[in-house]
Every structure is written in C-alpha cells, then in structure tokens.
Amino acid sequence: MESELQVVNPATEEVIASVPTATRRDVEEAVARAHGAQARWSALAPAERARLLRRFATVVDEHREELAWLEVREAGHPVTNARWEAGNVRDLLDYCAGGVERLNGAQIPVAGGVDLTFAEPLGVVAVIAPWNFPMPVAAWGSAPALAAGNAVILKPAEQTPLTALRLAGLAREAELPEGLFQVLPGEGPVAGAALVEHPGVAKVVFTGSTAVGREIMARCAGTVKRVTLELGGKSPNIVFADADLERAAATAPGAFLDNTGQDCCARSRILVQRTAYDRFLELLEPAVRAVSVGDPAQPATAMGPLISRAQRDRVSGFVPADAPVLIRGTAPEGPGFWYPATVLEGRPGEPATEQEVFGPVAVVLPFEDEAEAVTLANATPYGLAASLWTRDTARALRVSRAVRAGNLSVNSHSAVRYATPFGGYQQSGLGRELGPDALAAFTETKNVFISTEEQQ
Ligand code: ADP
C-alpha cells in the first residue's frame, strides 16, 4: 500500500496536506519517461529551448504569490523571505535560459586536422533537495540542468513537497515537454536511494546534511555517477576591532537567525577581536532582542519557527540548562516549533561551538590578532562561507584568501546570488552551483578530431 507524507505547518502544527510517496517502482517509471523527454528536449533548436525556459520563468513570475504562500505554510518562512525565494527561482530560470545558446565548445589547434569540443548533456539528472530552502535549492539544481539539455527528476524533502510539486505543474503550463521535469515526493532512503542507485541517472545534485551527503557520494561510486554536494557549515563571522562595530553588530543577528538558523551558510561562530569584544556584545544584545519573531504571515516578521518538533529537540540539545548564555531573545508560546535566538559564550570542545546546530544559536569567541582569527576560522572540517569586518582593505583581502571557505563576504553577509558561484571547501561540499559556469556542471565534454588529410 502506498504511504503518504503529512505536510505540517511548523507555525501552527496543523496538517495542511498529505502527499503520496514515490516507491522504487515509481522511480523506475520516472527515469524511463525522463529518458524519452530528454531525447526530445535536446533535439530542439537551442533558441527554442531557451524560449521555453524563459516562458517557464514568466509562468513562475505570474505565480510568485502562490509559491511564496506555499513556502510560508509548509516551511514556516516569513513571507518577505518566501517572496524573495519565488523571485529567485524566476531569476535563475531567466539567467540559465540565457546560457542555452552560449554553451560553446572550443576549437583547439592541432596538427593534421581540426579539433572541436562539444558540451553534451549528461542525460537524466536527479536533484535531491532539503527542507530548509525547498524552493530555491530545487531550482539551483534543476534550472541549469534543464538549460544544458538534461531531464530532471526532483525529490523534495519529506517535510516540504508542495512548492516542488507546484513548480512541476508550472513547467507543464509553460509547455516544457511532458516528463522533462518530474517531481517525486518520497522518503530519502526509498525514493532518494533508488535515484542514487539507478544506472539510468547520470548525476545526483544533493543538498542536505554532511552525513547523508557522504553516504550518497559513496553510493554514487557504484555507477560512477557525477555528483554535486552542498552540505553543512559552521561559518565564522570575523569582526576586527577597526571595523564599523555598529554595523557589524546590527547585521550579525540576521547572519545567524535568517531562516531560524536553518541555513548551511549561517554565520554561527562570531569571532571578535578582544579589544572590541565587550563593546561588540553591548551592541549585539539589543540587535538580537530587536529581531521580530512570530507569525510568518506578517510582513514585519523576521524569524519564524523551526521546521519540526524533532529539529527543535535537536537544537535545544545544544543548549543544556547550564549553557553559558550571553543573550537570549524571545519566542511565542503555544503551538508551533518555536525557539528563541540564543547567543552563547564559545567554548572549544563543546558541541555548540564545534558542530552545526541548524537553529538560531550562535557562539562568540575572542581572538587576539589576525593570525589567530584565521586559525580559529579554519578550525572546522567545514568550509562553506565566512564574513569579515574591517576597514583595512589589504587585511580584508589577506584574510579572504587565507580562510578555507567557498563564499567570503567583506563588510556584509551576502546572500547567495544566482550569478555568482556557490559551494563549499572541505566537508561542506563538492562542486559549485550557480554563477557563469552553472550549466557546465551538467555537461560532458566531447572531443572530436576531424582529419584534413586528402582522402584517396
Ligand atoms: P536534514 O538532515 O537536513 O533533514 P537530510 O540530509 O537528511 O537533511 O535530507 C536531505 C534530503 O536527502 C531529503 O530530500 C532527504 O529525503 C534525502 N535523503 C535522506 N537520506 C537519503 C538517502 N539515504 N538517499 C538519498 N536521499 C536521502
């Protein structure tokens, strides 16, 4: 018998939908359909594929409010954030559509003939998405894969299938070929694992926890699948004493509380130069308390609930009764998976200081000088993002180069941009998404040599 996924609104704990889960057999059928659709899609003229993707972007634009409200209800995102997310899907589809007709190969000088390279589609790509940013992350894998001539099977997270299903419906409204962009809600170890193991799937794009990413990478070896991994992080926010401390403190809460801290880029280790430490904390406290926590449907809300009871239990496990709390915000009472913003004194060796919390919890640690700041920043197996605050431009560049992370932000905490590459060093991931090379990650390079020798 088919089981169902219960979709729960994390702000109210109400079940808002139930969705059938995909079985291994559903995955088999979807892969077969995807192969047929991919053959038709890659045979279309490039300009026609670009036109269809632009139409998909337009249809997404026309349904932005609907998509945003689905994200509010299934993921508890504040509506202002959810609107940005729907716009991000539209923008990325447009951006990738522009790449279809620019997927150039090369002509390489060789003796005795002409040498050409072609950027060929991989075939069928599986995108396995997480629940923290269900809609944008689904698009970050799917849009460039489609633009490069592939078919996509998207498996959303168990908790958040609704925006993904709606996007598949909008793709059909935009007249993308049937079977080209399929969404299979299902359980990770069933539908997800079936996609990872299927010999007819050429690549897996996975965003989620480092533990599951490691397992997926190992399983991809069975069929030598290509893989892109976007995993966890424990990103530093480095504040030097010469920085604009007011701005650094005013923006630090958003950098670890956005999406209730359920963000792999969360700047959850705040490193502050010792001479500015007390002043920075004085400024940070009112900034943390000013973050408006509550009903995600209100445009003024900055922070909503955590995704689930299980996630709240995990997060509170990092903050035992005797935890060294420096600052504590507020959270609503009653139904919903609420957790207050919490700033702890960092203690090397403690779980909250070392591990990814994936909740609204940050630690603060002092450092003496630039060398110690870099050592502390790099004292993690992760390497996704980092921010640094200083008025000294030479130092900003030195530290940016020295920190082992994929996404550095100077005097800011930049959000992920569709036009710039995104991805992690070390155990934060493998490969890059977005940016000018986004489509290349979904192609094989084929080399063709044509002899110019006279034929007898
Ligand atoms: P989190 O820990 O943030 O809940 P996970 O890393 O467990 O996230 O899940 C991210 C995505 O990976 C989800 O879509 C989930 O269903 C899927 N997933 C979980 N386990 C597996 C697995 N063994 N094989 C394939 N996909 C999986």
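**Cavities and pockets**

Guide: The largest cavity has a volume of about 80 Å³. Of the 13 residues lining this cavity, Ala266, Ser268, Glu356, Val357 and Phe358 are the closest to its centre. The structure is a predicted model, in which local features need pLDDT of at least 70, side-chain atom pairs count only at pLDDT 80 or more, and totals for chains, interfaces and linings use all residues. Residues are numbered from 1 along each chain as its sequence is written, and side-chain values use heavy atoms, with hydrogens and water left out.

On a 1 Å grid over the protein atoms alone, a cavity is a set of points where a 1.4 Å probe fits but cannot get out; a pocket is an open set with protein on both sides within 12 Å along at least five of seven lines; lining residues have an atom within 4 Å of a point. Grid points are joined across faces, edges and corners, and a volume is the space filled by probe spheres set on the points. As for residue classes, Ala, Val, Leu, Ile, Met, Phe, Trp, Tyr, Cys and Pro count as nonpolar, Asp, Glu, Lys and Arg as charged, and the others, Gly among them, as polar.

In these terms, six nonpolar, four polar and three charged residues make up the lining of the largest cavity. A search of the whole structure finds four cavities of 30 Å³ or more. The second largest cavity holds about 70 Å³ of space. Its lining consists of Phe56, Val89, Leu93, Ala138, Ala139, Ser142, Ala143, Leu146, Leu167 and Phe181, which divide into nine nonpolar, one polar and no charged residues. Two helices, α4 and α5, each supply at least two residues of this lining, and α5 gives the most, with five. Helices (H or I, at least four residues) and strands (E, at least two) are DSSP runs, numbered from the N terminus.

The packing of these two helices deserves attention. Two packed helices are described by the angle between their axes and the distance between the axes. For α4 and α5, the angle is about 10 degrees and the axes are 9 Å apart. That makes α4 roughly parallel to α5. Axes are lines fitted to C-alpha atoms, for helices over the stretch in contact, and angles run from 0 to 180 degrees between N-to-C directions; angles under 35 degrees count as roughly parallel, over 145 as roughly antiparallel, 65 to 115 as roughly perpendicular and the rest as oblique. Residues of α4 in the contact (heavy atoms within 4.5 Å) include Val89 and Leu93, both of which also line the second largest cavity. Among their partners in α5 are Ala139 and Ala143, again residues of that cavity's lining. By class, the contact has 14 nonpolar, one polar and one charged residues.

The view now widens to the open spaces and the domains. The protein chain is assigned domain 1 (4-231) and domain 2 (236-410), with bounds that come from an automatic or database domain assignment. Their C-alpha centres lie 31 Å apart, and 23 residues of domain 1 are in contact with 25 residues of domain 2.

The largest pocket has a volume of about 920 Å³. It is lined by 41 residues, of which Phe206, Gly208, Ser209, Thr210 and Val212 are the closest to its centre. Helix α8 (210-220) is one of the elements supplying at least two residues, and it gives the most to this lining, with seven. Both domains give residues to the lining, so the largest pocket lies between them.

The second largest pocket has a volume of about 740 Å³. Among its 35 lining residues, Cys265, His413, Ser414, Ala415 and Val416 lie nearest the centre. The most, four residues, come from α9. By class, 16 lining residues are nonpolar, 12 polar and seven charged. Domain 1 and domain 2 both contribute to the lining, so the second largest pocket also lies between them.
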